[in-house]
Amino acid sequence: MSVNQVQWPALAAVAAAALLAVLDGTVVAVALNSLAGSFEVRLDQVVWVTIGYLLAVAAVLPVLGYLTARFGARVVFVAGLLIFLAGSGLTALAGSVPALIGFRVIQGVGGGLIEPTAMTLAAGLAPTRQLGRVMGVMSMIINVAPVLGPLVGGLLLQTGHWQWIFLVNLPLGALVLMAVLSATRESGATRESSAVAQASVPKADGPGLLLLTVGFVGLLFALNRSGEGGVSPPVVLAGVLGALLLAAYVPYAARMSREGRPPALDLRLLARPGFGAGMGVMGLVGLVMFAQLTALPLFAAQHFGLIGLEQGVLVSALGLGLLVSMSAGGRLSDNVGARPLVMGGAAVTFTAVLVFVATHDDWPLGALYALFVFVGLGFGATAAPTVAGAFRLLRPGEQAAGSTALFMTVQFGASVGVTLLGLLQAVTQNWVTWLFLVIAGVQVIVFGLGSQLLTRGQLPHFSSP
């Protein structure tokens, strides 16, 4: 293919696959209440449908570098799409909550392979002078998911069958797969560079990944089950085991680094001025994002009696604000750095969330819609500048490890947010107030972490100008 122009048909196919994977996470957020009713279980049990997906995505991220070097981005991308479609079909056939969660994990493995490799493929579909434009188009398409997802999910739920949320992926995914296979070709040069890369990229850190994932699942299980009216020995055991495994990862990662082998999550990056704070912000961004994605449809159903398509209206308002501020925030951070944008965004989000906490029982739906557009505007200003600022702190050889660290942190934070919602919903009828008070408190922490981020003039000399 020509290297002098953007390969728009191939880019469209790749972007559509990435959107399909990202969209699925937000579509399911609207369906949790329906799933709980269909399987006759509590919400704090069915939230593991989302938690399992998020943790599967996080588990895949550290092995992407090895898989891409070993097989090439196109092969990994197509494999991820096939796994995602297989998981979608199996999830629609699930007859129990454990089966539903297990099949969602399969779906998450596929989704975790799709989005990052989609960005890699997109970068190869344009000449260098147009790379910024292509990445902007990809980011814009993916950022549409929080707006469309709840609306699509609500529309599909109006059929009366939750299975359609997953079945709809099959025909759409098949069309996207055919488009990707026909529009992209792996050149001989690409295969040659992939073969060279295989010799230089170490194998994935399986033991480290096991310590992180199992440890985190143990802590989440303990948090999730602590709302059942008593702390049982299995819950305590899960929490203690999870904490021990995560603690054991610290010396393990240090030993891996000393031996010159990259760990699953490179903790040395935490010592880089500004990067540790950026990881903290992104973890809290994931927590707040998915807490709201799952809470707002439930609130709309309980408080306003909305069902189906209407149930996603508040999330779409949040997504609309995010779409605007994330697009603008990334560009503004080029000029002023991340610190002022993150601190300002946290202050705006804190104020808007407190207004919601104080008045949500009295406001009409239209006013709350406007309020959550405002929440999205503030919240989006914390995410995009943080990612952009963190990448400017990395040397070229550290960008893969840094990307993995940032996006794993987002997924782990998101799983905490969903778990917290399930816990509060199980222990108090006033769960909306308490959840959004937590979200407001998180903004105080984000404001403090934002003050540790670097301004444009403080960036190290190896950063991009």
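How exposed is W363, in terms of relative accessible area? W363 is partly exposed, at 27%; buried means under 20% relative accessible area, exposed over 50%, and partly exposed in between, with a 1.4 Å probe and protein chains only. The views below set this residue in its surroundings.

This is a predicted model, in which local features need pLDDT of at least 70 and side-chain atom pairs count only at pLDDT 80 or more, while totals for chains, interfaces and linings use all residues. Residues are numbered from 1 along each chain as its sequence is written, and side-chain values use heavy atoms, with hydrogens and water left out.

**View 1. The whole chain is helical, without strands.** The chain has 20 helices and zero strands. Helices (H or I, at least four residues) and strands (E, at least two) are DSSP runs, numbered from the N terminus. Of the 465 residues, 53% count as buried. Among contacts with a separation of 6 or more, 82% join residues 24 or more positions apart. Contact means heavy atoms within 4.5 Å.

**View 2. Helix α17 spans residues 338–359.** This helix has 22 residues. From its first C-alpha to its last it reaches 32 Å, close to the 32 Å expected at 1.5 Å a residue. The expected span is 1.5 Å times one less than the number of residues. Buried residues of α17 include A338, L341, V342, M343, G345 and A346. T349, A352, V353, F356, V357 and T359 are buried too.

**View 3. α17 packs against helix α18 (residues 365–392).** Two packed helices are described by the angle between their axes and the distance between the axes. For α17 and α18 the angle is about 155°, and the axes lie 8 Å apart. Axes are lines fitted to C-alpha atoms, for helices over the stretch in contact, and angles run from 0 to 180 degrees between N-to-C directions. The two helices are therefore roughly antiparallel to each other. Angles under 35 degrees count as roughly parallel, over 145 as roughly antiparallel, 65 to 115 as roughly perpendicular and the rest as oblique. α17 passes α18 in a left-handed crossing. A crossing is left-handed if the near helix is turned anticlockwise from the far one by less than a right angle, and right-handed if clockwise. On the α17 side, the contact includes A338, L341, V342, G345 and A346. From α18, contributors include L368, L371, F372, F374 and V375.

**View 4. The loop between α17 and α18 holds W363 and P364.** Leaving aside neighbours within four places in sequence, W363 is in contact with F304, V355, L368 and L371. P364 counts as exposed, at 52% relative accessibility. The C-alpha atoms of P364 and F304 are separated by 9.0 Å, although these residues stand 60 apart along the chain.

**View 5. Q443 sits in helix α20 (residues 431–450).** Q443 counts as buried, at 2% relative accessibility. Not counting residues up to four places away in sequence, Q443 touches V288, A346, T349 and F350.

**View 6. L322 lies in helix α16 (residues 313–336).** L322 counts as buried, at 4% relative accessibility. Its C-alpha is separated by 8.0 Å from that of A381, 59 residues apart along the chain. Leaving aside neighbours within four places in sequence, L322 is in contact with P146, M289, S327, G376, L377, F379 and G380.

**View 7. Helix α1 (residues 8–29) packs against helix α6 (residues 73–93).** The angle is about 40°, with the axes 11 Å apart. That makes α1 oblique to α6. The crossing is left-handed. V14, A17, L20, A21 and D24 of α1 make the contact with F77, L81 and F84 of α6.

**View 8. α1 also packs against helix α15 (residues 275–304).** Here the angle is about 40° and the axes are 8 Å apart. α1 and α15 are therefore oblique to each other. G25, T26 and A29 in α1 meet F290, L293, T294 and P297 in α15.

**View 9. Helix α2 (residues 32–39) buries L32, L35, A36 and F39.** Seen down the axis of α2, these buried residues fall within an arc of 100°, so they line one face of the helix. The arc is that of the directions from the helix axis to the C-beta atoms. E40 follows α2 and is found in the loop between α2 and α3 (43–46). E40 has a positive phi of about 55° although it is not a glycine. At 73% relative accessibility, E40 counts as exposed.
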